Amino acid sequence: MTEQELLIDCLRRLNAAQIPYMIVGSMASNFWGVPRSTHDIDFVVEFQLSDVPKFMKAFEEQFFIQEHSVRAALRPPYQFNALDNRSALKVDFFSVAQDEYDRIRFERRLSIQLFGEKAFIARPEDVILYKLRWYCISPSDRQLSDSAGILAVSKSTIDFPYLEQWAERIGVASVLDKLLGDAQDAIA
């Protein structure tokens with residue numbers, strides 16, 4: 001099973017179970033920016049404790065997933081994963097954290113058609129902001145290059161006032177300023 005096939009499979013499972021989600025991480029970066037290979041798929045999901053059985057049922061076939069991990073994702077660090085038994089690829093799930101930005105970026109998710117399936121994906125400015133947030137936690141050129149790729153490919157669709165406002169609020173404004181300056185220098 002390829003990453004694309006696994007993504008389609010996950011979209012079908014989440015849609016059928018009516019679990020609110022959005023694609024984030026490198027898959028979202030690939031959609032909005034310059035594609036690169038990745039070895040996992042990342043989703044933000046919104047669910048309550050009462051939704052855990054529905055989630056487990058959606059992924060019980062062909063995945064290794066632990067119910068106690070799904071339950072634990074309702075508190076920090078808000079994460080669990082499922083391992084696809086067919087390919088050994090990992091699917092990371094992050095529950096919507098209880099901070100203002102995480103809730104807003106989830107509310108802003110965009111409904112699209114992806115590989116013939118209905119999908120919800122983080123908007124490009126939110127993908128950039130989150131990648132810059134991760135860069136500040138654990139510096140990686142990959143986070144910066146993904147962000148630069150999104151700027152290069154999706155510049156005309158990016159809400160720059162929103163991007164700059166939230167960069168300031170979540171503490172990544174200096175990294176964003178450098179990224180935007182580098183992008184401007186590349187054009188000149």
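Select R109 and F120: R109 lies over the face of F120, at 4.5 Å from the ring centre. A charge is said to sit over a ring if NZ of Lys or CZ of Arg is within 6 Å of the ring centre and within 35 degrees of the ring normal. Next select R105 and Y130, where the charged end of R105 sits over the ring of Y130, 3.7 Å from its centre.

The model on screen is predicted: local features need pLDDT of at least 70, side-chain atom pairs count only at pLDDT 80 or more, and totals for chains, interfaces and linings use all residues. Residues are numbered from 1 along each chain as its sequence is written, and side-chain values use heavy atoms, with hydrogens and water left out.

**Aromatic rings**

Rings of Phe, Tyr and Trp (its six-membered ring) pair if their centres lie within 6.5 Å; planes under 30 degrees apart are stacked, over 60 edge-to-face, and the rest tilted. The whole structure holds 14 aromatic pairs.

Zoom in on F55 and F80. Their ring centres are 5.2 Å apart and their planes stand at 80 degrees, so this pair is edge-to-face. F55 belongs to helix α3 (residues 52–59) and F80 to strand β4 (residues 79–84), so the pair links distant parts of the chain, 25 residues apart. Helices (H or I, at least four residues) and strands (E, at least two) are DSSP runs, numbered from the N terminus. Both F55 and F80 are buried; buried means under 20% relative accessible area, exposed over 50%, and partly exposed in between (1.4 Å probe, protein chains only).

Now select Y162 and W166. This aromatic pair is tilted, with 6.5 Å centre to centre and 50 degrees between the planes. Y162 and W166 are four residues apart in helix α8 (residues 160–170), and therefore separated by about one helical turn. Both are buried.

**The core**

Keep F93 selected and show its contacts (heavy atoms within 4.5 Å). Leaving aside residues up to four places away in sequence, F93 touches L14, F43, V45, F55, F59, Y78, Q79, F80 and A82.

**Cysteines**

Select C10, which counts as buried because its relative accessibility is 0%. C136, at 40%, counts as partly exposed. A disulfide is a pair of cysteine sulfur atoms within 2.5 Å, and the count here is zero.

**Backbone**

Most residues other than glycine have a negative phi, and most peptide bonds are trans. The last stops depart from this pattern.

- P76 and P77 are joined by a cis peptide bond, with omega about 10 degrees. P77 is in the loop between α4 (67–72) and β4.
- Q18 has a positive phi, near 55 degrees. Q18 is in the loop between α1 and β1 (21–24), and counts as exposed because its relative accessibility is 65%.
- F115 also has a positive phi, near 55 degrees. F115 is in the loop between β6 (110–114) and β7 (117–121); with a relative accessible area of 43%, F115 is partly exposed.
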